[in-house]
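Student: I would like to learn how to read the features of a protein model, one at a time. Could you take me through some of them slowly?

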Amino acid sequence: MADEYDFDVLVIGAGPGGYVAAIRAAQLGLRTACAESRETLGGTCLNVGCIPSKAMLHASEYYDAAANGAFAKLGIKVTPELDLDTMHGQRKDAVKGLTGGIEFLFKKNKIEWLKGRAAFTGTDTVEVGGRSVRAKNIVIATGSSVTPLPGVEVDNDKQIVVDSTGALELAKVPGHLVVIGGGVIGLELGSVWKRLGAKVTVVEFLDQILPGMDAEVRKEANKIFKKQGLEFKLSTKVTGAAVSGNKAILTLEPAAGGAPETLEADAVLVSIGRRPNTDGLALDKAGLATNQRGQIETDHSFKTSVPGIWAIGDVIPGPMLAHKAEDEGIAVAENIAGLTGIVNHDVIPSVVYTFPEIAGVGLTEEQAKARGEVKVGKFPMMANSRAKTNHEGDGFVKIVADARTDRVLGVWIIASVAGTMIAQAAQAMEFGATSEDIAYTCHAHPTHSEAIKEAAMAVTGKPIHI
Ligand code: FAD
Ligand code: NAD
């Protein structure tokens, strides 16, 4: 009987997955609570992830433009002075405003915030903040945390060996920052400190940065970052770090084995990936287990193997992205309410917010070729009038289409505003567009997005401006 339950829906975790699920559930008339152990709502993304990193990327991009000649090229002469405290202050303001906004939305939607760490005590009961709560549906949205690297101990307080949270907070610009892992976090936060004056060396285990992205994009991105002054040690692994005084001495080895070398750093960022948060949840009390990667498996509707328990976001398989978690949050709430909530996991865009930005959606050229014959259209940003005018000529748009049906299978972009441009590609793919559909869609001039139209025209070999 419904009355035996405290809530129709209890969401564990108030990140982009959990808070969105809670809001949608409440909008659908379900009695909803959300357990969150942090002081503020919004999860990794709003507190220590997407938002504070973008605040630092935005501010450091302006500083770099002022300090390194981009403003001068436009006829603006300035000699900037870095006020890092103020830069950190505006980051904290952004976080405060946005996390406070979620608290407002919880109140508006009458969602009860259960403060504390939640742990299962049964299949439909959870202990949180000293209270036992019974819910008809429980959504696990506990997110992820930094993957530790054996031999390299993170201590964010000391500000020498840090994770992404520590790297957002550095009180001074390090002389030499070594980034372990050439993935998204390493390149975004490495870019921030490079722009503010640090020497940055990225140590990557694989033979190229940005695994998972299109091979041509990875290679071109590497070239652009090198041009910006980032240094790379590819096919190299870090096997240890010793902190001595204000320095860290890292031990590096070739990934394939060989003689070790050492590298001295003023700060070290460990960014080798993230792992799902299930510790302390007492999943066994609910009859749940994790897979080999520590994730909770679900079906397409986000049901776990235990009736009434659902899971979404970073804690389940798939890319660890805020918008993926949000879409799953909406879908799971709709499914709980008896509607049909669907997420098309084939069309999840991903964006690296460096300069230029790097974005992709769908299949890489390599993945598409492994499935059948493809046609590829490419257009350089240098030939796009707006990008050229803005001195933003690095990068290209690449469209991968099925050779037989012309259906767009993947779109890859390196451009100053690739993160904004990729939305068009995702929408087109969601509607099953062909490259011809994109090529014959009128795009405003002069915009960076015209490069997408031209790349679509290039699929059939007929772009206008190259
Ligand atoms: P989370 O946001 O991790 O939230 C889970 C919440 O659950 C946390 O607040 C945690 O405190 C809480 N919790 C965990 N266990 C319990 C428990 N037992 N009881 C109560 N509460 C609990 N993604 C993007 O798409 N774009 C970006 O630009 C981007 N930038 C990022 C930058 C950085 C530096 C980092 C680290 C990540 C970034 N991400 C980005 C990834 C993004 O933050 C995650 O994919 C997203 O936050 C996942 O959402 P989630 O709701 O699954 O989990
Ligand atoms: P990642 O998986 O993107 O990159 C980790 C990198 O570290 C990989 O290239 C891997 O080969 C390398 N690596 C692993 N072990 C290593 C070792 N011992 N030595 C050297 N290199 C090693 O992980 P991340 O950058 O930590 O980011 C974690 C997650 O957060 C990602 O899944 C990402 O989706 C998400 N995130 C997204 C954004 C965004 O959307 N803009 C921004 C930040 C983080």
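Tutor: We will go through helix packing, then the ligand surroundings, and then some backbone details. Please keep in mind throughout that this is a predicted model.

Student: Let us begin with helices, then. At what angle do the axes of helix α1 and helix α5 cross?

Tutor: To read a pair of helices, one looks at the axes, then at the crossing, and then at the residues that meet. Here helix α1, residues 16–27, and helix α5, residues 84–108, have axes that come within 10 Å and cross at roughly 25°. Because angles under 35 degrees count as roughly parallel, α1 is roughly parallel to α5. The crossing in which α1 passes α5 is left-handed.

Student: Which residues of α1 and α5 meet?

Tutor: On the side of α1 they are Tyr19, Ala22 and Ile23, and on the side of α5 they are Ile102, Leu105 and Phe106. Sorted by class, this contact of α1 with α5 has six nonpolar residues, with no polar and no charged ones.

Student: How do α3 and α5 pack, and what is the hand of that crossing?

Tutor: Helix α3, residues 50–67, packs with α5 at an angle of about 145°, and their axes are 9 Å apart. The crossing of α3 and α5 is right-handed. From α3, the residues that take part include Ile51, Pro52, Ala55 and Met56, and they meet a set in α5 that includes Leu84, Met87, His88 and Arg91. The residues of this contact divide into 11 nonpolar, three polar and one charged.

Student: Now for the ligands. Which residues are closest to ligand 1?

Tutor: Ligand 1 is surrounded by 38 residues, of which the closest are Glu36, Thr44, Lys54, Ala118 and Ala322. A polar side-chain atom of Thr44 is 2.6 Å from an oxygen atom of ligand 1, and for Lys54 a polar side-chain atom lies 2.7 Å from an oxygen atom of the ligand. With Cys45 it is a polar backbone atom that is 3.4 Å from an oxygen atom of ligand 1.

Student: How many residues surround ligand 2, and which are the closest?

Tutor: There are 23 residues around ligand 2, and the closest are Ile185, Glu188, Glu204, Gly273 and Val351. An N or O atom in the side chain of Glu204 is 2.6 Å from an oxygen atom of ligand 2. Ile185 has a backbone N or O atom 2.9 Å from an oxygen atom of the ligand, whereas for Val351 a backbone N or O atom lies 2.7 Å from a nitrogen atom of ligand 2.

Student: Finally, which peptide bonds are cis, and which residue has a positive phi although it is not a glycine?

Tutor: The general idea is that most peptide bonds are trans, and most residues other than glycine have a negative phi. A cis peptide bond joins Phe355 and Pro356, with omega about -10°, and Pro356 is in the loop between β18 and β19. The peptide bond from His445 to Pro446 is also cis, with omega near -5°, and Pro446 is in the loop between α13 and α14. As for phi, Lys110 has a positive value of about 55° although it is not a glycine, and Lys110 is placed in the loop between α5 and β3.

Notes:
Residues are numbered from 1 along each chain as its sequence is written. Chains are lettered from A and ligands numbered from 1 in the order in which they are written. This is a predicted model: local features need pLDDT of at least 70, side-chain atom pairs count only at pLDDT 80 or more; totals for chains, interfaces and linings use all residues. Side-chain values use heavy atoms; hydrogens and water are left out. Axes are lines fitted to C-alpha atoms, for helices over the stretch in contact, and angles run from 0 to 180 degrees between N-to-C directions. Helices (H or I, at least four residues) and strands (E, at least two) are DSSP runs, numbered from the N terminus. Angles under 35 degrees count as roughly parallel, over 145 as roughly antiparallel, 65 to 115 as roughly perpendicular and the rest as oblique. A crossing is left-handed if the near helix is turned anticlockwise from the far one by less than a right angle, and right-handed if clockwise. Contact means heavy atoms within 4.5 Å. Ala, Val, Leu, Ile, Met, Phe, Trp, Tyr, Cys and Pro count as nonpolar, Asp, Glu, Lys and Arg as charged, and the others, Gly among them, as polar. A residue is near a molecule or strand if one of its heavy atoms lies within 4 Å of it. A polar contact is a pair of N or O atoms within 3.5 Å; within protein, one must be able to donate a hydrogen and the other to accept it, and residues adjacent in sequence count only if both atoms are side-chain atoms.
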